[in-house]
Amino acid sequence: MATIVVGVTGGVAAFKAPIVVRECQRAGHDVYVAATRASLDFVGRSTWEGITSRPVAVDIAGEGRAEHVELARVADLIIVVPATANSLARLAAGFADDMVSLTVLASDAPVVVAPAMHSNMWLAPATQANVKTLRERGVHVIEPASGALGSGDSGVGRLPEPEEIARVALELLEANNRASSALAGRTIVVTAGGTREPIDPVRFLGNQSSGRQGLAIASAAARAGASVRVIAANIESALLEALPTGVQVTRVGSALQMREATIDQVTDADALVMTAAVADFRPEATSESKMKKDPSTDDAPTIRLVRNPDILAEIGHSDKRPPLVVGFAAETGTDEEILAYGADKAARKGADFICLNRVGESVGFGDVPNDIRLLDASGHITGRYVGSKDEVAAGLVGHMASFLDNLKR
Ligand code: C5P
């Protein structure tokens, strides 16, 4: 039995929300209702109290209670039904001055939102931008149906049938429960970020990697119950601080430091995921003092580079390798070309999987979705994940869990 909070906002479709509550109860769950003041004009307190046999949460302050935090803490799932255009905007902006938005903001439970409004409001760029923001944050926004609207018009914006909303929400709850133990008892090492190869005390050869995809994988693995170790090369502190509690972080700078830390951390691990952008070359020598220009000439120094060790290949081919080794490859070119590069990389590096990321054209950068194909050791596509970095991470972590479960223990 799970605890579900149904958040009701003030739209004419609110009359369908009691059926969502009933469906959740019929599935054996404990349901609390949080309502905005405006919603009480559509469905009153006594209806909610009659259905749930408990007070409806409306007031965010009063009698010294921290009810909002309490509901957020106990929730295993939050369903906002109906969600008005106004409430979508408030959820997207992180408002917290009514019981519904406040509960969503304070909870880390999965959130399902069922919008209902006039077509013009649904299709308005502001609403669409809010929906996009919420989806990027992992909120499950159910597409409204088309048909007769409260205003007498007809079009998209109608609340889907409440039974359907409950079905989608309960499926998500179940998937979330399965996912939250998929890697229980496993130790996963994730390298992330980009190495910096020192030229002198103030200069380095580096790359643009932010480390976000690696941290998304580390977070997804931790949420799936794994014990997670991150080897972080030059990642912003704020990003590392946002990792779930318990994730262990080792900071490194250069490829050689990353190699040492990775070999050390991976000995008793079940899986290594190498998302880090490791420099292939480093300056042969690092100057101990800052390199100066000679004002008397136009000459520029020459920096001689040497190859860095390939950490993935070294661990992938070692007899002490963890049972699962995953590498990343960012490639440009046609579909055929990148698949060939990926297959070659999987074989060369001794990886069980290569996550092949096509970059440079319409995917892989900025806020456009990632499109990752998972190639197995023989170069066959065994999965494809399109979406935000979190969605891609969740897909990959699910695949890793099945791979480890299928190995002989
Ligand atoms: O060969 P390429 O750099 O495209 O391979 C990328 C994969 O290899 C990534 O998983 C990266 O973390 C890993 N790698 C490594 N050591 C290097 C270079 C890349 O482990 N020196």
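This is a predicted model: local features need pLDDT of at least 70, side-chain atom pairs count only at pLDDT 80 or more; totals for chains, interfaces and linings use all residues.
**Entry 1: Ser318**

I started at Ser318, which counts as partly exposed because its relative accessibility is 27%. My cut-offs: buried means under 20% relative accessible area, exposed means over 50%, and partly exposed is in between, with a 1.4 Å probe and protein chains only. Ser318 sits in the loop between α12 and β16. I took helices (H or I, at least four residues) and strands (E, at least two) as DSSP runs, numbered from the N terminus. I also looked up Ser318 against Leu149: they are 169 residues apart in sequence and 64 Å apart in space, C-alpha to C-alpha.

Residues are numbered from 1 along each chain as its sequence is written, and side-chain values use heavy atoms, with hydrogens and water left out.

**Entry 2: the whole chain**

I then zoomed out. The chain has 14 helices and 19 strands. Its C-alpha trace spans about 80 × 60 × 50 Å along the principal axes. Of the 409 residues in the chain, 48% are buried.

**Entry 3: the ligand**

Which residues come nearest to the ligand? I found Met274, Ala276, Leu312, Phe328 and Lys345, out of 13 residues around the ligand. Near here means that one of a residue's heavy atoms lies within 4 Å of the molecule or strand in question.

Sorted by class, that shell has eight nonpolar, one polar and four charged residues. For the classes, I counted Ala, Val, Leu, Ile, Met, Phe, Trp, Tyr, Cys and Pro as nonpolar, Asp, Glu, Lys and Arg as charged, and the others, Gly among them, as polar. Three elements each supply at least two residues of the shell: α12 (311-316), β16 (324-331) and α13 (335-349).

Next I went through the oxygen atoms of the ligand. A polar side-chain atom of Lys345 is 2.4 Å from a ligand oxygen. For Lys349, a polar side-chain atom lies 2.9 Å from an oxygen atom of the ligand. Met274 comes in through its backbone, with an N or O atom 2.7 Å from an oxygen atom of the ligand. The protein covers 87% of the 450 Å² of accessible area that the ligand has on its own. Those areas come from the Shrake-Rupley method with a 1.4 Å probe, and for residues only the protein chains shown count as cover.

Where does the ligand sit? The space it takes is the second largest pocket. A pocket, on a 1 Å grid over the protein atoms alone, is an open set of points with protein on both sides within 12 Å along at least five of seven lines. A molecule sits in one if more than half of its atoms lie within 2 Å of its grid points.

**Entry 4: Glu331**

Glu331 is found in strand β16. Is Glu331 buried or exposed? I have it as buried, since its relative accessible area is 12%.

I checked omega and phi next. A cis peptide bond joins Val81 and Pro82, with omega about -10°. Pro82 is in strand β3 (residues 77-83).

Ser53 is not a glycine, yet has a positive phi of about 55°. I placed Ser53 in the loop between α2 (45-52) and α3 (67-74). Ser53 counts as exposed because its relative accessibility is 67%.

Asn234, also other than glycine, has a positive phi near 55°. The loop for Asn234 is the one between β11 (227-233) and α10 (237-241). At 28% relative accessibility, I logged Asn234 as partly exposed.

**Entry 5: pairs apart in sequence**

Last, I looked up some C-alpha distances. Leu305, in strand β15 (residues 305-307), is 23 residues from Arg282 in sequence and 5.3 Å from that residue in space, C-alpha to C-alpha. Leu305 counts as partly exposed, at 39% relative accessibility.

Ala220 belongs to helix α9 (residues 212-223) and is buried, at 6% relative accessibility. From Ala220 to Leu243, 23 residues apart along the chain, the C-alpha separation is 9.8 Å.

Leu240 is in helix α10 and is buried too, with a relative accessible area of 9%.

Note on methods. A polar contact is a pair of N or O atoms within 3.5 Å; within protein, one must be able to donate a hydrogen and the other to accept it, and residues adjacent in sequence count only if both atoms are side-chain atoms. On a 1 Å grid over the protein atoms alone, a cavity is a set of points where a 1.4 Å probe fits but cannot get out, and a pocket is an open set with protein on both sides within 12 Å along at least five of seven lines; lining residues have an atom within 4 Å of a point.
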